Amino acid sequence: MPEIQLPASLRDVEPVRSVRTPAQLDYTFTAGDATSRFLRGITQKKIIGQQATPQSKVYVPPRGADPELGAATPIEVEVAQVGTVTSFCVVNLQFYGSGMEIPYTSALILLDGADLSIMHLIQEIPADQVRIGMRVEAVWRDDADIEPTLESIKWFRPTGEPDDVNVRIPGEKRGTGLGSWVGGVAPTELVVRNPRTGVGGTEADGGEG
Amino acid sequence: MTDRQDPGEILSAPLIIEYPFKRTTGPVIGAFLTGLRERVLVGSRAEDGRVLVPPAEFDPVSGEDLTELVEVGPQGVITTWAWVTQPHAKHPLDEPFAWVLVKLDGADTPMLGALAAPGIEAVSTGARVEPVWADEREGHIDDIAHWTLVDPEGGRA
């Protein structure tokens with residue numbers, strides 16, 4: 001780094017080394033028809049998805065359209081308040097704006113009857129015991145505090161049921177649960193085909209190509 | 001399947017996304033911000049002798065490191081300006097004001113500032129201005145609360 005020559009007035013003062021540059025974007029979020037219906041369901045402690053046809057996928061939370069079919073989703077379906085963890089992340093760092101006590105677990109949860117996982121918190125179990133395939137149930141706020149927000153579900157907690165070892169992330173060919181692990185070995189790149197490099201897995205997996 | 005009911009009024013809510021960035025400044029911008037905290041304005045001397053304000057880390061022509069920082073101002077002249085009739089919430093002043101480019105005494109390039117003025121007719125290119133410093137300064141561009149007009153005799157207009 002080059003030596004900087006300062007004017008006399010700045011030679012004997014503590015130099016500034018960092019600066020705050022916050023960026024704040026103020027939006028008004030308009031939920032639209034599909035999400036408004038979903039959130040009104042939440043105020044009745046119901047979790048309501050939508051589908052395009054009685055046979056097609058149930059999207060929770062609904063966005064009004066089925067992205068695979070390119071069709072509107074006029075059919076409303078109430079899904080279960082229990083589901084299976086398809087993926088999770090243990091948060092060990094406190095970050096700005098989060099009031100959570102660390103460590104905590106954020107998970108993707110596939111509710112029974114839904115074809116899309118929702119993201120929510122897992123509580124009432126130590127973070128290091130959360131696992132893919134774990135069965136969990138919604139824990140609601142007190143009735144007086146229910147509002148049209150997904151935060152009306154405080155978190156999900158274990159139901160105590162046996163794990164669903166064959167749970168799959170919706171749309172993935174290979175499951176993510178223990179039952180899909182080859183020889184009980186976690187799916188590393190040795191057993192799962194890397195769709196970018198084509199390395200790993202077997203032809204039977206099909207890969208993406 | 002549930003009965004599809006009228007969703008009623010479409011819901012909406014405030015959504016504020018905030019990135020609390022903090023950046024390291026490096027020695028040149030750091031010196032500029034240190035100067036603001038100390039109520040001193042500095043620029044960097046380019047290879048052709050011009051003084052660039054705010055200071056640049058690299059020569060704009062050759063790309064070589066610039067290492068000599070020199071004190072400028074604190075007064076300067078308006079090189080161009082734009083009047084803001086309706087300030088919005090994130091503007092530095094609540095009343096109508098002017099964005100100004102100020103070429104500080106001893107500088108060869110202008111820097112941006114917000115000029116407090118009694119009205120649009122009070123602002124003109126070539127008018128002399130000086131910074132009004134914030135009472136509490138921390139090494140941030142906001143350490144200049146705003147700029148103000150200086151009358152020809154040297155006092156504040």
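A:R37 is located in helix α1 of chain A, which spans residues 32-43; helices are DSSP runs of H or I with at least four residues, strands are runs of E with at least two, and both are numbered from the N terminus. With a relative accessibility of 11%, A:R37 counts as buried, a class defined as under 20% relative accessible area, with exposed over 50% and partly exposed in between (1.4 Å probe, protein chains only). The side chain of A:R37 makes a polar contact of 2.9 Å with that of A:D33; such a contact is a pair of N or O atoms within 3.5 Å, where within protein one must be able to donate a hydrogen and the other to accept it, and residues adjacent in sequence count only if both atoms are side-chain atoms.

This is a predicted model, in which local features need pLDDT of at least 70 and side-chain atom pairs count only at pLDDT 80 or more, while totals for chains, interfaces and linings use all residues. Residues are numbered from 1 along each chain as its sequence is written, chains are lettered from A and ligands numbered from 1 in the order in which they are written, and side-chain values use heavy atoms, without hydrogens and water.

| Residue | Relative accessible area | Class |
|---|---|---|
| A:R37 | 11% | buried |
| A:F29 | 42% | partly exposed |

Chain A contains 1 helix and 11 strands. Of its 209 residues, 34% are buried.
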